[in-house]
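Biologist: I would like to learn how to read a fold, one feature at a time. Can we go through it together?

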Amino acid sequence: KWGPFARWVLRSGERLGMRYSNARIAISQVICDLIQTNYNLDFQLIPNGVVIPELESDAERVLALGLQPGRYFLQVSRLVPEKRQLDLIAAYRATFPNNWKLAIVGRLLNDEYTNKVIESARDAGVVLTDFLKGTALRQIYTHAGAFVLPSSHEGLPIVMLEALSYGLPVLASNIPANIAVGLEPDCYFPLGDQTALTRSLQRLSRQPQDDGTRAERRRWVAAR
């Protein structure tokens, strides 16, 4: 997405940082492998992490958005092409699985991509919440039925870790950084494959959830 001069600046900064830094850290094995391949330098792996939150019993903010607790898919991210909100909306629109809704959290800017997302969301009945934080964000995480991350580029996705910290089932694209989180194989779908994503949304909407499974996910992400 960057022009030639910006790419030169970014790549030069990377080379200088690798050469002259006292030490190098990386947030995922994927990035470690890139450092090793491109620079043949030592590094320290320090993964991203999250604090395990208290679940929100109140659903006032969720209900105000027209969402039913436990019956909506959630994506939380910037609205940029590499997060592929348009893929998710198209897959959701193909079936509207089991009358679940889709909620997308992210700041609504006035740019070309965001305007495309707004138009697609309007046609599909998708809830765009704009930027959320604090109680509103905690409530929408707590009461979601599942979390979806269809992105094409990640380092080690904090939003996926946050979703798991709330005990949510997660569905993600099969890019290396998402796979590195270590979820079960059926939690991943081929990047950009809207048909596969639609099938996975249908499956998740039929999959019963219980407090025991949710607690186990929270323990799993805390341990890792």
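Modeller: We will take the sheet, then helix packing, salt bridges and backbone angles. Keep in mind that this is a predicted model.

Biologist: Start with the sheet. In what order do the six strands lie, and is the pairing parallel or antiparallel?

Modeller: The order is β5-β4-β3-β6-β7-β8. The sheet is open and the pairing is parallel.

Biologist: Which strands stand at the edges?

Modeller: β5 (127-130) and β8 (188-189). Each has a single partner strand, so one side of each lacks a neighbour in the sheet.

Biologist: Now β3. How many bridges join β3 to strand β4?

Modeller: Five bridges join β3 to β4 (residues 101-105), and the two run parallel. In that pairing, Tyr-72 stands opposite Lys-101 of β4.

Biologist: And over how many bridges do β3 and β6 pair?

Modeller: Strand β3 (residues 72-76) and strand β6 (residues 146-149) pair over two bridges, again in the parallel sense. Here Leu-74 stands opposite Phe-147 in β6. A helix also covers this region: α9 (residues 194-206) packs on the sheet and touches β3, β6, β7 (170-173) and β8. The direction of α9 makes about 175° with that of β7.

Biologist: How do I read the two faces of a strand?

Modeller: Start from the general idea. Side chains in a regular strand alternate between the two faces of the sheet. Now the case of β3. Tyr-72, Leu-74 and Val-76 are on one side, with Phe-73 and Gln-75 on the other. These residues are all buried, and both faces of β3 are covered.

Biologist: Why is β3 described as largely enclosed?

Modeller: Because five of the five residues of β3 are buried. The cut-off for buried is under 20% relative accessible area.

Biologist: On to helices. At what angle do α4 and α5 cross?

Modeller: Helix α4 (residues 85-95) and helix α5 (residues 112-124) cross at roughly 10°, and their axes come within 10 Å. That makes α4 roughly parallel to α5, because angles under 35 degrees count as such.

Biologist: Which residues in α4 and α5 meet?

Modeller: From α4, Gln-85, Leu-86, Ile-89, Tyr-92 and Arg-93. From α5, Tyr-113, Lys-116, Val-117, Ser-120, Ala-121, Asp-123 and Ala-124. By class, the contact of α4 with α5 has seven nonpolar, two polar and three charged residues.

Biologist: Compare α7 and α10. At what angle do they pack?

Modeller: Helix α7 (residues 158-165) packs against helix α10 (residues 211-223) at about 135°, with the axes 7 Å apart. That makes α7 oblique to α10. Leu-161, Leu-164 and Ser-165 make the contact from α7, and Arg-217, Arg-218, Trp-220 and Val-221 from α10. Those residues divide into four nonpolar, one polar and two charged.

Biologist: Next, charge pairs. How many salt bridges does the count give?

Modeller: The count is six. One of them joins the side chains of Glu-56 and Arg-138, at 2.9 Å from N to O. This pair links distant parts of the chain, 82 residues apart. Glu-56 is in the loop between β2 (44-45) and α3 (60-64), and Arg-138 is in helix α6 (residues 134-142).

Biologist: Is Glu-56 buried or exposed?

Modeller: Glu-56 is buried, at 18% relative accessible area. Arg-138 is partly exposed, at 31%.

Biologist: What is the case for Glu-82 and Arg-78?

Modeller: Their closest N and O atoms are 3.9 Å apart. The cut-off for a salt bridge is within 4 Å, so the pair counts. Glu-82 is buried at 17% relative accessibility, while Arg-78 is partly exposed at 49%.

Biologist: And what does Asp-87 form with Arg-84?

Modeller: A salt bridge, with the closest N and O atoms 2.7 Å apart. Asp-87 is buried, with a relative accessible area of 12%. Arg-84 is partly exposed, at 26%.

Biologist: Last, the backbone. How do I read a positive phi?

Modeller: Most residues other than glycine have a negative phi. Arg-84 has a positive value, near 55°. Its place is in the loop between β3 and α4.

Biologist: What is phi of Asn-99?

Modeller: Near 60°, also a positive value in a residue other than glycine. Asn-99 lies in the loop between α4 and β4. Asn-99 counts as exposed, at 68% relative accessibility.

Note on methods
Residues numbered from 1 in each chain as written. Predicted model: local features only at pLDDT ≥ 70, side-chain atom pairs only at ≥ 80, totals over all residues. Heavy atoms only, no water. Axes fitted to C-alpha atoms, helices over the stretch in contact; angles between N-to-C directions. Helix = DSSP H or I, 4+ residues; strand = E, 2+ residues; numbered from the N terminus. Parallel < 35°, antiparallel > 145°, perpendicular 65-115°, else oblique. Contact = heavy atoms within 4.5 Å. Nonpolar A, V, L, I, M, F, W, Y, C, P; charged D, E, K, R; others polar. Buried < 20%, exposed > 50% of the residue type's maximum accessible area, 1.4 Å probe, protein only. Pairing = 2+ DSSP bridges.
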